[in-house]
Amino acid sequence: MQDKKLTAFEPLKDNNEVPLRDLVNHIWLDFQQMGSFIADPLVVTGGEGMRVRTDDGREFIDAIGGAIVSSLGYGNRAVRTAMHAAIDRQDFWPVLHATTPSALLIAKRLAELLPGNLDCAFLLTGGSESTETAMKMARQYHRLNGQSTRYKVLSRYWSYHGATLNALAASGVGDRRKFEPLPNGFIHVNPPYCYRCPWGKKPESCNLECSTAFKDVIRYEGEETISAIIVDPVMAAAGVLVPPKNYYRILRELCDQHGILLIFDEVLTGFGRLGTLFACDYYGVVPDLICLGKGITSGYAPFAAVVAGAHITKKFIGDDARTFLHGHTYGGHPLGCETALAVIDELLSRDLIAQAATNGEYLRGRLLEIAKRHPEIGDIRGIGMIWGIEFVQDKKTRKHFPSKKARAIEIRQQAHKLGLLTRGSAHVIIIAPALTASFDELDEIIDILDQAITVSANH
């Protein structure tokens with residue numbers, strides 16, 4: 001007897017027919033207060049396009065792309081077909097001794113798409129793995145150059161580079177304090193937060209002090225101690241901070257001047273999220289190492305990569321002492337590789353990068369429109385298909401709401417009741433839908449958000 005084919009909305013069932021939501025006490029979820037989740041679980045059983053359905057019959061429009069991952073939306077047939085073919089073609093092979101055709105093909109594809117001499121990919125399964133790998137590459141690179149004192153990594157407060165210990169140490173989010181002491185050698189500077197400039201500047205008086213701030217730290221720490229600067233080009237964890245165009249050009253020049261490697265953490269921004277294929281394309285900068293993940297497979301399979309410039313990889317060629325002794329069991333898994341190839345084909349053949357740019361301008365207009373009606377919206381900022389809405393008590397003083405009455409949290413809760421999934425912080429709501437969204441779907445997102453703000457304000 002043939003197995004019954006699962007449709008997009010047909011959930012798997014427990015063998016003993018126990019309701020799925022009765023099993024939630026057996027799972028521990030990422031970044032969730034499990035007491036609250038167990039009291040009101042969200043068990044997604046399937047999805048199509050921009051929508052997901054839960055085990056209790058609810059339907060949501062997903063305005064956050066899963067976790068700013070889903071570029072193609074849910075239920076993409078071309079990708080699923082490629083994944084089935086990949087499973088039929090081959091399973092896991094020993095990564096310590098060999099590679100596979102699919103790994104070679106995705107590495108070649110990335111080399112073709114990335115700018116400059118970024119042409120050699122180290123294949124992994126997740127974003128935290130990729131940032132950890134890049135920082136380890138940077139340290140060994142300097143050792144191979146006879147500069148073993150270069151071990152420090154500079155990054156920014158409010159940045160986010162992953163949840164493993166070194167990635168978290170490089171991050172600047174406040175929650176990292178819960179896991180201290182963290183590994184040493186990680187130093188932070190103030191972020192490019194134009195709405196609340198740490199230097200008290202206005203656009204007309206800005207001299208990009210936010211980028212030259214790295215210069216002072218290099219001088220105080222000593223350039224001979226610094227291996228790399230790692231940046232998330234658009235700082236989603238900080239509430240979607242989009243630095244000015246020249247910010248990263250100045251940073252690139254600074255790294256070249258002081259012999260420091262520049263790492264772009266494009267786990268979130270890569271593969272069309274900004275309306276360009278990569279953020280480095282938008283900013284006109286070629287980093288030494290680029291970290292990729294999330295949108296590279298649109299969430300259909302775990303996959304990530306670090307792509308290095310030729311000047312980096314050639315240092316690791318030679319005798320055994322030059323070997324990069326690092327890896328993960330499932331790095332370069334054939335299913336992830338072939339899924340990435342299929343997703344990239346979809347993005348390019350359907351011209352979804354250009355669509356993301358067009359959609360971004362449409363989103364900007366709609367968000368500015370509702371900002372006029374709601375005085376608690378202090379700032380709208382973003383690019384392409386990632387936007388942040390910051391809420392304040394007073395537009396003139398830009399004072400936030402008290403933490404116990406954080407407006408962004410209340411609005412997200414109201415939006416959830418109205419069938420909209422969003423994410424953010426106490427004071428910022430983030431909108432980052434699939435690149436495939438239609439104007440009608442974007443209107444639906446903004447209309448629900450508008451309604452949620454109104455309901456929250458009247459409470």
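Visitor: Which strands pair over 6 bridges, and in which sense do they run?

Guide: Two strands count as paired if DSSP finds at least two bridges between them, and here β11 and strand β12 (residues 386-391) pair in the antiparallel sense over 6 bridges. Within this pair, I383 stands opposite I386 in β12. Strands (E, at least two residues) and helices (H or I, at least four) are DSSP runs, numbered from the N terminus. This is a predicted model, in which local features need pLDDT of at least 70 and side-chain atom pairs count only at pLDDT 80 or more, while totals for chains, interfaces and linings use all residues. Residues are numbered from 1 along each chain as its sequence is written, and side-chain values use heavy atoms, with hydrogens and water left out.

Visitor: What is the order of the strands in the open sheet with antiparallel pairing, and which stand at the edges?

Guide: The order is β11-β12-β15-β14, an open sheet of 4 strands. Because β11 (377-383) and β14 (423-424) each have a single partner strand, one side of each is left without a neighbour in the sheet.

Visitor: Which strands does α12 lie across, and how is its direction given?

Guide: Axes are lines fitted to C-alpha atoms, for helices over the stretch in contact (heavy atoms within 4.5 Å), and angles run from 0 to 180 degrees between N-to-C directions. Here α12 lies across β11, β12 and β15 (428-431), running at about 180° to β11. Helix α13 (residues 407-417) lies across β12, β14 and β15, at about 45° to β15.

Visitor: How do α12 and α14 pack?

Guide: Two packed helices are described by the angle between their axes and the distance between the axes. Helix α12 (residues 352-373) and α14 pack at about 25°, with their axes 10 Å apart. That angle makes α12 roughly parallel to α14, a term for angles under 35 degrees. Residues making the contact include Y362 and R366 of α12 and D443 of α14.

Visitor: Is D443 buried or exposed, and what does its side chain meet?

Guide: Buried means under 20% relative accessible area, exposed over 50% and partly exposed in between, with a 1.4 Å probe and protein chains only. D443 lies in helix α14 and counts as buried because its relative accessibility is 18%. Its side chain makes a polar contact with the side chain of Y362 (2.6 Å), where such a contact is a pair of N or O atoms within 3.5 Å; within protein, one must be able to donate a hydrogen and the other to accept it, and residues adjacent in sequence count only if both atoms are side-chain atoms.

Conventions:
Angles under 35 degrees count as roughly parallel, over 145 as roughly antiparallel, 65 to 115 as roughly perpendicular and the rest as oblique.
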